[in-house]
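Me: I'm new to reading protein models. Can you walk me through a few features?

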Amino acid sequence: MRVSTMQMHNTLSGSMQKAQGNVSKTLLQMSSGKEILKPSDDPFASVQLLKLDDHLSKLETWSGNIDKATTFLGNQESALMDMNNNLDRTRDLVLSAGNGALSLEDRKAIAKEIEQTVSTLKSLANTKGAGDEYIFGGTAGQQEPVQKVPVIDEKGNPVLDADGNPVEEWSFEGSESVREVQVSDSQHATLGSTASDLFFQGDKDFFTQMDEFVAILNKDPLAEGELEGAIDAAIKGIDATSGAVNEGLTDIGAEINMLEEAKDTNTDLVATNKAMQSSLEALDYAEAIPRLTIEQTVLTATQKGYASSSTLTLFNYI
Amino acid sequence: MIFTGITGLNAAQTALNVTSKNIAGVGVNGYSRQVANFKTSDIGGVYINNIERVSDQYAVQQAWFNATQYGYDTTNASHNLQLETLVSGKNTSLSPSLNGFFDTLNAASADPMEIAYRQEVLADAEDLASRFNSLSSSMNKQAADVESQLSSLTGEANDMLASIAKTNEAIAAAAAIGNVPSHLLDERDQSIQQLSELMDVSIIFEQDQTATVTIPTGEPLVSRGETNELVLLPGYPDASQTQLAVKSHDATKRIDQPGGGIGGLMDFREDTLSQSQRELDRLALAFSNEVNALMEKGFDLNGAAGSALFGDINSSELMRNRSTHIGGTNSVNLDIKVDDTSKLTADNYVFSKNDKNELEVHRHPGGEKVDFETDTTTGDISFDGITISAADGKTLGDMAAGSSYLIEPGKGAAGTMEVVLDDPEKLAFSGKADEPGNNSNLLDLIKLQDKTIAGGQSVNQGWNSIISDVASSSARATNSLAASEMLYQEATSRVQSESGVNLDEEAGNMLMFQQLYSANAKVISTADELFQTLLQAV
């Protein structure tokens, strides 16, 4: 075939450019570690990659939720354990009041101590977490869940005592319901218990019972058997509350176990997801390195060919 | 003998002249080499019978044909790649913002009262809205680039038509008196080739050696020295999408399939870019609407009823901008209300009243008729999740017969999407008025990520399918370009192989003609010597 000088030049420079393009693409692939540099390189695999990316983002989100839920439950757990200690101390104090040899002064001293432990329990029930939220207030944690509030009669007026002061009573001001947080495709973590679950079960709440017991301790003189009856009632109240606190601890333990499992599953899913991404887009270096060598050889050859052909003209010899 | 020598000398000189022209032309695009043909004379000696322009017209026409496909694929693939880079780029794609928004909602679900999370939700919502905005404005900018490129390519095509007409005239004049200069033919071939890259044309060579250029359906573009101008007309029904037309004395005729670089641009605009724009707008409408509906159902941090996070999808401005008058008497302003984003298609519509006073809706692109429901009291019509009504107290009954409007339900949605809430406390995460720590409405918002919201897809799926459609279109265009580039190279290579100058060949010729010249000079000097000898002998 007849070949014109320009054709020769075009062919050689064209193949040189092509060889350069191939080398440059392989180098880009090697530096990014990816076989697919843009979606059109493999539209089908790219769609899979987009889906995997979206799912990965969710898995990371859930993993964040698991951490937050674990922190929240951890806060409740330590508060509940403190409550247990204080309840035990209160119980011991109540029982010690049963010693028949106690004077009024001794009883008043015990009453004072009980008031302190109960006040600590109230503070624990009003523990604050992130975002200034009361963690035992359920979904209405914007205000102290355990409060003394004025008693209101049917007409909406405050009830007054003999001295004309408003009568107050203990009240749970939070919400009975607790928050749920999504931790996997199908699981939600329940964020612990409320002060209502712990202190406001049965006919009379724990704090009222303790107030009543303290009043008896401070009373003088006491009727026959009045102290014994009060101790019985107070111990019952404390035991019921302890039971609720322990139940809360058990629930939290179970919830944290669930979260740990969810976290493990999540970690596995992240690993699987990344493995799938990698199988779709990752560059096979074992294939790419020899490819690069060949492409570089081709490039060198075309460059040499180009250089020699440009000097190769009959005009050099005449 | 001297006379014979002189003819040889002259012929060698002419041949050397042709060789030197060829050598000079080696780097000129479109230069066809020439060959001096020697002939022996009846009265002795040689002469140059003719200087032949070496050209294989079949190969040349094949190259023109391949130039059209190559031109088409070049503009089409380069714009596809540009759009692909936009939608798939980490800093331009919707996915990171979308996933970021839901990630922050999730983080807030553990602590819905925490103001820092609420602020982050607002910031991420702003980020998401601005991603929609910038994607929309980048796509609009690309559409504007396509239009300006169309206009410059049309200008180039007109220049080529003028150049062909001019060389036609010079060729006809030269042909009338004998020989047509080779460079004129080269120039015209070159112009036709450049024109072929821009659009699909047919060439017919006439008796007087002029070339008649027509579009394949027959409308003439160049006839001898006359040209018909190519113009860009406002498109129908969408005026912003200009269409190529040829203007003759009596009429202007649209060219539906221009092919070449111009056709590649138009097809990209219609098949890929507009489609992506409409899909993006629909996604913005559906997403804003779903989020707003949920927000309005919930309660904010202070227990007040929730309000919309994003701008109203049925603001009076948006409703009005969704229709454009395109034909007949413009007697009413239309309001297009989006009633049900889940039923929206990614299509536009032509809404018209025919001469029999009947309302009609046709899908665009596509053209098929769309059924609609008519409200018996107001006369408003509804279809595909939208309702068309007349504004300013009028009804559709006031619409003039023979008038038509372009309906674009998604127009401006992605471009104008904005966050209208500025107080993080007003985010309605709670499902109960007096429980700010409640997150049930927030959990519903999180579920929105997987909810089917438009076109049978979730918001992530909707966006991914935009990317995948663009990627497929880009892959197709790139593959097609690789094929047509090779065909075009082969075809031009064939032309080159026939008509291109080979320097070695010319060097050889030069030596040969030099020798020819020297030998003939020797003949003359020998003849002279013989004559001198003869004279001395006398």
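Me: Which way do the residues of strand 16 of chain B point, and are they buried or exposed?

Reply: First, this is a predicted model, where local features need pLDDT of at least 70, side-chain atom pairs count only at pLDDT 80 or more, and totals for chains, interfaces and linings use all residues. Residues are numbered from 1 along each chain as its sequence is written, chains are lettered from A and ligands numbered from 1 in written order, and side-chain values use heavy atoms, leaving out hydrogens and water. Strands are DSSP runs of E, at least two residues, and helices are runs of H or I, at least four, numbered from the N terminus. Buried means under 20% relative accessible area, exposed over 50%, partly exposed in between (1.4 Å probe, protein chains only). Here Ile386(B), Ile388(B) and Ala390(B) point one way, Thr387(B) and Ser389(B) the other, and all are buried.

Me: How many bridges join strand 11 to strand 16 in chain B?

Reply: Five. For instance, Asp335(B) stands opposite Ser389(B), and Leu334(B) has Ala390(B) as its bridge partner.

Me: And how many join strand 15 to strand 16 of chain B?

Reply: Three, with strand 15 covering residues 381-383. One pair is Phe383(B) with Ile386(B). In the hairpin of these strands, with two residues between them, Asp384(B) takes a positive phi near 45°.

Terms used. Two strands pair if DSSP finds at least two bridges between them.
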